[in-house]
Amino acid sequence: MDKNELDEWHENKPTPEAKKRTEDLARKSRTIPAPDGDPWRKSVQISHQAFHSSLSPVVQEKADMTYPEELREWAKGSYPQEAGTELLLRGFGGRFAAPGNPWISRGTTPEGGSDGPWIDFAAIPEHASSGAYSGGERRFLLLAASFGEGVSVVLSDILSGLDRETVILALAAVSHAAGSHQHSGMSFHEDGRPKAFTHRPSLYPWPAEPLPTTT
């Protein structure tokens with residue numbers, strides 16, 4: 001270092017007062033000092049604590065979800081897919097929506113979405129027709145697949161073999177897949193003039209109480 005460089009270094013060297021101001025600013029802005037503890041040398045402008053605090057509501061929300069809520073979250077946005085998911089969650093005590101079934105997966109979907117559980121409705125027909133399920137179970141699974149993935153079924157075969165509890169769920173699924181829970185109507189004055197738009201209830205809502213396990 002020549003004399004000119006040395007003089008320049010002395011002129012630009014931080015004073016103790018300037019260094020203290022930097023340390024105070026670092027603490028106020030929640031910066032993270034470098035490993036050697038000297039914030040003058042290096043400071044990170046966002047702390048790990050602040051970063052994780054900003055993410056924690058979303059992370060916490062997902063962590064607090066139950067398994068059925070995770071499946072419903074995955075299906076959200078498509079009424080038919082929501083209907084198929086709800087069928088599996090409600091019918092036969094929910095055992096066909098449980099982890100371990102060959103059509104239940106976890107992780108990234110083929111479309112690239114979801115990091116939680118999801119249902120491969122397209123895989124259901126092959127397994128449902130394998131002979132491992134009763135006639136009523138096979139019909140129920142094919143009905144769910146027809147909602148969730150558009151799998152073709154013969155309704156005269158499917159519906160004629162369903163028990164009463166499953167028919168209740170099937171009617172609710174049809175109503176949900178058609179979006180009747182989001183339909184609107186018009187209210188009128190006594191003289192017949194239009195008054196206002198109103199929300200109309202589902203034509204056939206899902207049962208409020210869990211149905212008994214069917215066999």
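Good morning, colleagues. The structure before you holds seven aromatic pairs. One of them joins phenylalanine 96 and phenylalanine 140, with 6.2 Å from centre to centre and 35 degrees between the planes, and counts as tilted. This pair links distant parts of the chain, since its members stand 44 residues apart. Phenylalanine 96 belongs to the loop between α5 and β3, whereas phenylalanine 140 sits in helix α7, which covers residues 135-149. Both of these phenylalanines are buried. Please bear in mind throughout that this is a predicted model.

Phenylalanine 92 deserves a separate word. Like phenylalanine 96, phenylalanine 92 is placed in the loop between α5 and β3. As a general rule, most residues other than glycine have a negative phi. Phenylalanine 92 is not a glycine, yet its phi is positive, at about 55 degrees. Is this residue buried or exposed? Its relative accessible area is 5%, and buried means under 20%, so phenylalanine 92 is buried.

Let me turn to helix α4, which comprises residues 67-75. Its buried residues are Tyr67, Leu71, Trp74 and Ala75. How are the buried residues of α4 arranged when seen down the axis of the helix? They fall within an arc of 95 degrees, and therefore line one face of α4.

What do the buried residues of α4 pack against? Their partners are helix α5, at 79-90, together with strands β3, at 104-106, and β4, at 117-119. After α4 comes glycine 77, which has a positive phi near 115 degrees.

I shall finish with the chain as a whole. Its secondary structure consists of nine helices and six strands. The chain has 215 residues, and 31% of them count as buried. How much of the accessible surface belongs to carbon and sulfur atoms? The share is 55%, from a total for the chain of about 14,000 Å². Finally, consider contacts between residues at least 6 apart in sequence: 47% of these join residues at least 24 apart. The pair of phenylalanine 96 and phenylalanine 140, 44 residues apart, is one link between distant parts of the chain.

Thank you for your attention.

Notes:
Residues are numbered from 1 along each chain as its sequence is written. This is a predicted model: local features need pLDDT of at least 70, side-chain atom pairs count only at pLDDT 80 or more; totals for chains, interfaces and linings use all residues. Side-chain values use heavy atoms; hydrogens and water are left out. Buried means under 20% relative accessible area, exposed over 50%, partly exposed in between (1.4 Å probe, protein chains only). Helices (H or I, at least four residues) and strands (E, at least two) are DSSP runs, numbered from the N terminus. The arc is that of the directions from the helix axis to the C-beta atoms. Contact means heavy atoms within 4.5 Å. Accessible areas come from the Shrake-Rupley method with a 1.4 Å probe; for residues, only the protein chains shown count as cover. Rings of Phe, Tyr and Trp (its six-membered ring) pair if their centres lie within 6.5 Å; planes under 30 degrees apart count as stacked, over 60 as edge-to-face and the rest as tilted.
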